[in-house]
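Student: Could you take me through this structure feature by feature, giving the general idea before each case?
Tutor: Gladly; let us look at it together.

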Amino acid sequence: MSSNTDEPVIEIENLSFAYGPDPVLADVHLQIESGEFVSIVGPNGGGKTTLMRLILGLLEPSQGSVKLFGQPPARSRHRVGYMPQSMMYDAEFPASVIDVVLMGRLGGHRGFGPFRRSDRRGALRSLEEVGLADLARRPIADLSGGQRQRVLIARALASDPDLLMLDEPTNNIDLKAADDLYELLSRLNQRLTVVMVTHDIGFVSAKVRSVICVNRQVQFHPTSEITGECIREIYGSDVQLIRHDHRCSAEGHEWKRDS
Amino acid sequence: MEAGFLSGLQQHAFLQNALWASLLSSVACGTIGSFVVVRRISYIAGGIAHCVLGGMGAAQYLRAVCGLSWLHPLHGAVAASLLAAVVIGLVSLYAREREDTVIGAVWAIGMAVGVLFISSTPGYDEDLMSYLFGNILFVSGEDLWLLAVLDAVILLGGGLFFNQFMGICFDEEFARLRGVRVDLFYLGLLCLTALTVVLLTTVVGVVMVIALLTLPAATAGHFTRSLTRMMLLAVAFSAIYGVGGLALSYGPGLPAGATIIVLAGAGYLLAAVGRGLLGRLGRR
């Protein structure tokens, strides 16, 4: 990997963003180092996806700056493998699994004509990495939700990224598939930085090493420090944790007693 | 009826020209029509198509009134359709929320301009009907050359940048993040759509062109889940509808364009119903 290890992968300073008169994000400071596995959590409408789009340079901040690998996002985002929410595309689209993964090679591709053999090899390698190589010729419309998510991860990996960014990767898939997905992500985290957006806070502790809470303001926590205070601050009121398989810290349990 | 068409084909050059026009247009129709269907831009294609009337009318007027004898209605059609494609494309890229209003306006203004020019051109009233509803039997040898050139441009553009076009049709934002110049390719796709629309208006006219652009691809979509195979099948369906409609209309002297469209509609319906039934049987 070409990434320079002491330079932060993502560096956000004093950032504010608004679509209209009300800020979606205000006064955000954030630094994500190489090799981290970070989850961005927060309620719907809290600005998680907006933050991700700002990091990718798809939106311009109203104030402050975003640096990706030390550069403006538009210049360095080719080093990011991006997985959008699965609802973003037409599930009936006539394409095979390998067709979709090959789209991850569009940037390095010569600019016209068919994909090269090396592009096809790279796409197949990413499919192997997510365990779907035997489905390469299958139409995407025939896949299950979990398989579809893996195809999108393979597409993100096809460009050999240094940073993987995922928007709600566990949406619309069952718990077993979600668990497998986190297993895969933590394996990928051995060689690249992983940042994902999720509203599924129950998953946070097991694999993820730190959590960024987004609800207009942004707070950074190592997972061991997620407290009831923090959760209440993000979600505005007490929320019920439905999943209990993650290890709650002592502080994490205290808030139940308080409330 | 069939025999009458075949013997007519041997005797009459105009019928041979019609056959060639329908085959040439099928190639562009199947490829670009598939992109239009999967990208869901048939409304945009409709706007472009109706501007073709403005271009044809303007060219006809300039030729008759201003004495520009080299100017052919098809030249006007190409210019107007490309202009409409760029205008609508820029609006849909940079002013998304008003997109449908603008397309509707461009659609109607293009037609209105055409009607005004045609009514101001002395002695060309009958052309209005053939522009609107097509008259494939009037295609000349000279027209065929222009159609062949358009076909070549469309195939070259669609072939060279197939991966980019497929990428922006499937997931525009991801393509942008991969460094594809999405806006440029989107405009390019609309321009190729514009040229295809011009080819197809010679067959079925301005009003019915959207059906011919989308029905073969939509029919093909029932049989395959691969974009390239969808295109090949769509070319075949388009040729079958075109030649079939020509043959069916020739004997009884029906308008060819309308016959082609009815045939295309019937084919699409049959495929949709057939697939629905097969799907239900398969589930049992």
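Student: In S8(A), which residue is the bridge partner of Ile40(A)?

Tutor: Before the answer, note that this is a predicted model in which local features need pLDDT of at least 70 and side-chain atom pairs count only at pLDDT 80 or more, while totals for chains, interfaces and linings use all residues. Residues are numbered from 1 along each chain as its sequence is written, chains are lettered from A and ligands numbered from 1 in the order in which they are written, and side-chain values use heavy atoms, with hydrogens and water left out. Helices (H or I, at least four residues) and strands (E, at least two) are DSSP runs numbered from the N terminus, and two strands pair if DSSP finds at least two bridges between them. Here the bridge partner of Ile40(A) in S8(A) is Ile212(A); strand S3 (residues 37–41) and S8 (residues 210–215) of chain A run parallel over 4 bridges.

Student: With which other strand does S3(A) pair in the parallel sense over 5 bridges?

Tutor: That strand is S7 (residues 193–198) of chain A, where Val195(A) stands opposite Val38(A).

Student: Are the faces of S3(A) covered or open?

Tutor: Burial is read from relative accessible area with a 1.4 Å probe on protein chains only: buried is under 20%, exposed is over 50%, and partly exposed lies in between. In S3(A), 5 of its 5 residues are buried, with Phe37(A), Ser39(A) and Val41(A) on one side and Val38(A) and Ile40(A) on the other.

Student: Is Ser238(B) buried or exposed, and what does it touch?

Tutor: Ser238(B), which sits in helix H11 of chain B, counts as buried because its relative accessible area is 3%. Contact means heavy atoms within 4.5 Å, and, leaving aside residues up to four places away in sequence, Ser238(B) touches Ser26(B), Cys29(B) and Pro216(B).

Student: How should I read the phi of Asp160(A)?

Tutor: Most residues other than glycine have a negative phi. Asp160(A), although not a glycine, has a positive phi of about 50°; this residue lies in the loop between helix H5 (145–157) and strand S6 (163–167) of chain A, and counts as partly exposed because its relative accessibility is 48%. Arg40(B) also has a positive phi, near 55°, and is placed in the loop between helix H2 (13–39) and helix H3 (42–65) of chain B, where its relative accessible area of 63% makes it exposed.

Student: How many residues does each chain bring to the contact of chain B and chain A, and what area is buried?

Tutor: Chain B brings 21 residues and chain A brings 34 residues. Buried area is the accessible area (1.4 Å probe) that two parts lose on being put together, summed over both; between these chains it is about 2,600 Å², with carbon and sulfur atoms giving 63%. Phe170(B), Arg178(B) and Arg225(B) supply 33% of the area that chain B buries against chain A, more than any other three residues.

Student: Which residue of chain A forms a salt bridge with Arg225(B)?

Tutor: A salt bridge is a side-chain nitrogen of Lys or Arg within 4 Å of a carboxyl oxygen of Asp or Glu, and the rule finds 3 across this interface. The residue is Glu92(A), whose closest N and O atoms with Arg225(B) are 3.3 Å apart.
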